[in-house]
Amino acid sequence: MRRIFDYLPHPEQQIVVGGRVRVPFGRRMMIGIVVGESDHSEWPVEQLKAIDEVFDQTPIWPPSLLDLFKWAGRYYQHPIGEVLSHALPKKLRLGEQPNSADIEVWQLTEAGAAQDSQSTKRAPKQWQLLELLKAGAQERATLSAQGVTGATIQAVAKKGWIEPAPLSALNESACCQPTQPPATTEQSIAITALCSRLQGFSVSLLEGITGSGKTRVYLDVMAQVIAKGKQVLVLVPEIGLTPQTLSRFRNHLGVRIGLVHSGLNDSERLAAWQAARTGELPVLLGTRSAIFTPMANLGLIVVDEEHDGSYKQQDGFRYQARDLAVMRARNEQVPLLLGSATPSFESLANVEAGRYQHLTLTERAAGGQLPQIAAIDMRQQVMSGPLSAPIINAMEQHLQDNNQVLVFLNRRGFSPVLLCHECGWFAECQRCNRPFTWHKGFRRLVCHHCQVERPVPHQCDSCGSTQLVPVGQGTEQLEEALQAQFPQYPVVRIDRDSTRRKDAFENLVADVQRGHYRILVGTQMLAKGHDFADVTLVIIADVDGALFSSDFRAGERMCQLLTQVSGRAGRAGQQAQVLLQTHYPDHPWVQQLQTEGYQQVAQALLAERKQAQLPPYAAIAIIRAEANDETKVAEFLASAESVLSEAARGVNDKGGVIVMAPGPCAMVRKAGRYRWQLALLAPQKSAIQQLLNQTLGEIEGSKLAQVVRWHVDVDPHDTV
Ligand code: ADP
Ligand code: ZN
Ligand code: ZN
């Protein structure tokens, strides 16, 4: 519900804005949050219900953060109640007290310290735990982020090798700062520039090529902030919170690092939240939702890989954590540091407009060159498998030189279509009207749009033929083909299917780094944040898909992805090579990526955006609707359109909101529901916000709004 409710406090009740109360709601009791006080109400006082119980004497959030949430609710057109509930750890939503948190800390016993790898030979996980604790005591939450399970902890504790430790052990243990190599000249310049701006609000964009040592810059700046007794909030993409990241932060900073990630249980989450809120935790490292954590003494926010799509929540409260970080930094008057090798166009436009400070790192910190990129024209190749002859030859060479090769293909499964050779029938998801993907290993057909599964048919549904053939290829097929082509070199596949088990991803990456595999096949999971020092050749098996997308951001995304994947190569200093397989070697940005690099492609694509008046030079919001009955969806959006157009006439004098005609989404049917959308475009974000504020009440009140499922997406990530 897009509204707040009035209640009457008892004179003896001490109510604080931002605190929790229990109130009667309908026939139930519910926990609510006080968002404001007033001396009047639209309702007669006699009709107001009383507050049943007050939970908090002090606000859950400081006023600046509560203001941020209220702003976010208005900006993203999301009910304030849901925004606050989203920001609140579950245990607090249920009425528990924040101090109820207990943190589980483990340390080595003398017996544990005396063990060597021989004693745990058959239990590598146990040895890993002992090794981790050699550097000092750690929280269970930190251990679990490094792939240690509760079962392993219990088993090792039973042997008497580890024991629970007091919280104070954490601070003593973290101070194991090994000496760091000196910062490079470029790093020093960036660090100095950033450290001169630690007072008040500012935004800096650190654009550094992959391997240029951005993390080192963050760490040196963070150390200065921490030395002043202040806290740092660090956001990383969903997949970026790796054991390596964590140990790097611990070793460099020598302080306790709190973690927020999806693997935490409710107590651990609350514990980190509370430690951050009271100011005792110097650093909080987390994914998207960590932006909601209160910090008593915030001194700096860092957003790593700021271009990453995982910062945008894709359902419910559709916020963009990077953008909220900008607002939060402004509210709390602290500096914000955004870092990326491939900055988002939004941030580049802010640099261009003079709103962000721009710092660059153009060289690899540990030496070595960026890989050379070359396109392989597939039109002239005879294809005997998924990869063309020049690519196979190049692989052969790099493998003979004892290097690793990474083959990137952003499509899981064996083949995206399973087709009848005799009549052309293909297995299709009835709920999405899209072909099923054949997963040979699981022996299933899986719909990648709604996740529905079915057994692989032996016969064509239409003509009964048994000649069903795979069309197109996914990573599973690529893995099989490459293993057949290069039987002497072990191949590993890294995608969501091969890493379903907890820790599987970490283990596979570790095996790759140890050199167990020579050929890596994988999806974008491979693109993010991992160093594969021995990879000297990167193959992009299919570039062309992105050239056909109708999303205006497809070019930006593909260039980011290609640059990030390429950046995995040659980190140990050897000259590395990237080969793009394409039917369109003359395409402008395929050309530019080869000769000039991300920055230049970005400038060219940005110029196109400016010309076309698209984001970041304009604002977009989308209203999406879906239902089993397509006419209802169309009708709902048509009526929304007329409400919006009518109101837009008023706004148009100032800002000019264009209300686009509703139409089917690119994927019109998903999980049995028909999907349509309506887009709003304006030169200014404020114009769209104003228009939506004026009209959503009416749109929401219509009868059809109760029948179809719909939502508003402000600054949408996907627009088709
Ligand atoms: P980025 O985040 O920009 O991709 P990283 O921070 O991961 O880069 O650094 C890349 C590599 O360079 C890492 O192995 C890191 O240890 C190393 N490195 C960073 N700074 C320096 C430095 N000043 N001297 C030597 N090596 C460095
Ligand atoms: Zn058939
Ligand atoms: Zn489906």
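So, β4 and strand β6 (residues 162-164) pair in the antiparallel sense, over three bridges, with L108 standing opposite I162 in β6. On strand β4 (residues 105-108) there's also strand β5 (residues 138-139), again antiparallel, over two bridges; there W106 stands opposite Q138. By pairing I mean that DSSP finds at least two bridges between the strands, and helices (H or I, at least four residues) and strands (E, at least two) are DSSP runs numbered from the N terminus.

Quick housekeeping. This is a predicted model, where local features need pLDDT of at least 70 and side-chain atom pairs count only at pLDDT 80 or more, while totals for chains, interfaces and linings use all residues. Residues are numbered from 1 along each chain as its sequence is written, chains are lettered from A and ligands numbered from 1 in the order in which they are written, and side-chain values use heavy atoms, with hydrogens and water left out.

Now the domains, whose bounds come from an automatic or database domain assignment. We have domain 1 (20-93), domain 2 (104-166), domain 3 (185-361), domain 4 (372-414 + 473-609) and domain 5 (619-714). The C-alpha centres of domain 2 and domain 5 lie 54 Å apart.

On to the open sheet: six strands, paired in parallel, in the order β14-β26-β25-β15-β24-β23. Its edge strands, each pairing on one side only, are β14 (372-377) and β23 (491-494). From one strand to the next the twist averages 20°. Packing on that sheet is helix α19 (residues 588-595), which touches β14 and β26 (577-582) and makes about 145° with the direction of β14. Contact means heavy atoms within 4.5 Å; axes are lines fitted to C-alpha atoms, for helices over the stretch in contact, with angles from 0 to 180 degrees between N-to-C directions. Inside the sheet, four bridges join β15 (residues 404-408) to β24 (residues 519-522), and F408 has G522 as its bridge partner.

Next, the zincs. Donors here are N, O and S atoms within 2.8 Å of the metal (3.2 Å for Na, K and Ca), and water is not among the atoms, so sites may look incomplete. Which residues hold the zinc ion (ligand 3)? The SG atoms of C429, C432, C447 and C450 do, at 2.2 to 2.4 Å. Their angles are 105 to 112°, so the arrangement is tetrahedral, which for four donors requires all angles between 85 and 135 degrees. The spacing is C-x2-C-x14-C-x2-C. C429 sits in strand β17 (residues 428-429) and C447 in the loop between β20 (444-446) and β21 (453-455), 18 residues apart. Both are buried, meaning under 20% relative accessible area, with exposed over 50% and partly exposed in between (1.4 Å probe, protein chains only).

The zinc ion (ligand 2) has the SG atoms of C420, C423, C460 and C463 as protein donors, 2.3 to 2.4 Å away. It's tetrahedral because the angles are 104 to 113°, and the spacing is C-x2-C-x36-C-x2-C.

Last stop is Q477, in helix α16 (residues 475-485). Q477 counts as buried because its relative accessibility is 18%. Beyond neighbours within four places in sequence, Q477 is in contact with G413, F414, S415 and G472.

Terms used: Tetrahedral: all angles 85-135°; square planar, octahedral: opposite > 155°, others 65-115°.
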